[in-house]
Amino acid sequence: MHREMTLKQRIGLCLAAFFMALAAQIFLSFYQSGTVLRELDDQMGNFNAISRFQNGVERSLSAMEDYRWEYGDAKALTEELHSAFSVTNAWLWRIESDLGTVSEEQYLLYNAVSTTYGSYTALVGQLEEAVASGEDAQAAQLYYNKIVPCGGYLRQYTQQLLNTAITDAQGTYTTVSALSDRVKWAQTVVVALCLALGCVMAFSVLTLLTPVQQMIGASRDISQGSYDTPDVPVPRQDEMGQLADAFNRMKHSMAEQVNTLREKNEIERELHRQKTEALEMQNRMERSRLQQLRSQICLLYTSDAADE
């Protein structure tokens, strides 16, 4: 036999489902911000690191291209190169190089850039020493014969790395956008579920008001002595139905007790009336007998007076 769920069980089930939906919403929000958006941020950070590194390389190459080997300011060149290398060294290690997070092509290009950059910095270091010692001819020869080709390869590899990072970022953005759309759809479903559960809970609470209001009205009638009010409907067998049924039973019990008291009072009044009538009858009979005695005494007195 099917057993209807109690009101407590229904409210508990709705609350449990509501909090589960709320937890799912919080999880989806953290997942979106912690996984989906973080992956985009990582891609943008990697793209920014490559761009900053490339700018440092271009800055160092431009400084050497603009330098006049016969009468250039060696100190200014050295300072400019140190400033450029401080930028490239700061951003090179920030470029993502883990094969588990980047594509194989980007990983290979990063290694090419890193290796070429090591050779490039070593050659530039030799050039700085030559310029500082005043060996401009040797520095110029080193620049044109080794640094320019090495710098060209470094520029080429860096540009390829940047292009690959952009291509990978576009693919990642497409994937993440699709994932974000699915997350938003799931969030919409969860929000709709929360609203539905809220409506169910609100409806359950509102349904409690009807029998409660009916019991309030019946209680007022009972307090005024009217026990003929209709019974509170019992449409279900949950706690409110049991309460309404208990209220109806209490009303009927009170009505029976009041009727019993009324009948008892009626009987007592009838007995009192009968006793009163019997006493009045007895008093009348006593008065009548006394009247008869008085009459007899008067007759005897009258007859005795006549005899004298």
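Colleague: Among contacts in the protein chain with a separation of 6 or more, what percentage comes from residues 24 or more positions apart?

Modeller: Those residues account for 78% of such contacts, where contact means heavy atoms within 4.5 Å. Do keep in mind that this is a predicted model: local features need pLDDT of at least 70, side-chain atom pairs count only at pLDDT 80 or more, and totals for chains, interfaces and linings use all residues. Residues are numbered from 1 along each chain as its sequence is written, and side-chain values use heavy atoms, with hydrogens and water left out.

Colleague: How many helices and strands does the protein chain have?

Modeller: There are five helices and zero strands, counted as DSSP runs numbered from the N terminus (H or I, at least four residues, for helices; E, at least two, for strands).

Colleague: Why are α2 and α3 called roughly antiparallel?

Modeller: The axes of α2 (residues 74-92) and α3 (residues 104-132) cross at roughly 160° and come within 11 Å. Axes are lines fitted to C-alpha atoms, for helices over the stretch in contact, with angles from 0 to 180 degrees between N-to-C directions. Angles under 35 degrees count as roughly parallel, over 145 as roughly antiparallel, 65 to 115 as roughly perpendicular and the rest as oblique. The pair is therefore roughly antiparallel.

Colleague: Which residues make that contact?

Modeller: Among them are Leu 77, Leu 81 and Phe 85 of α2, and Tyr 117, Tyr 120 and Val 124 of α3.

Colleague: Why does Val 190 count as buried?

Modeller: Buried means under 20% relative accessible area, exposed over 50% and partly exposed in between (1.4 Å probe, protein chains only). Val 190 has 11% relative accessibility, so it counts as buried. Val 190 sits in helix α4, and its C-alpha atom is separated by 7.2 Å from that of Ala 24, 166 residues away along the chain. Across the protein chain, buried residues make up 27% of the 308 residues.

Colleague: What makes a set of residues a nonpolar core?

Modeller: The members are buried Ala, Val, Leu, Ile, Met, Phe, Trp, Tyr and Cys residues joined through side-chain atoms within 4.5 Å. The largest such core here has 35 residues, of which Phe 53, Met 64, Tyr 120, Leu 127 and Ile 147 touch the most other members. Helices α1 (7-65), α2, α3 and α4 (136-223) each supply at least two of its residues.

Colleague: Which residues does Met 64 touch, not counting those up to four places away in sequence?

Modeller: Met 64 touches Trp 69, Leu 77, Leu 81, Tyr 120, Val 124, Leu 127, Tyr 143 and Ile 147.
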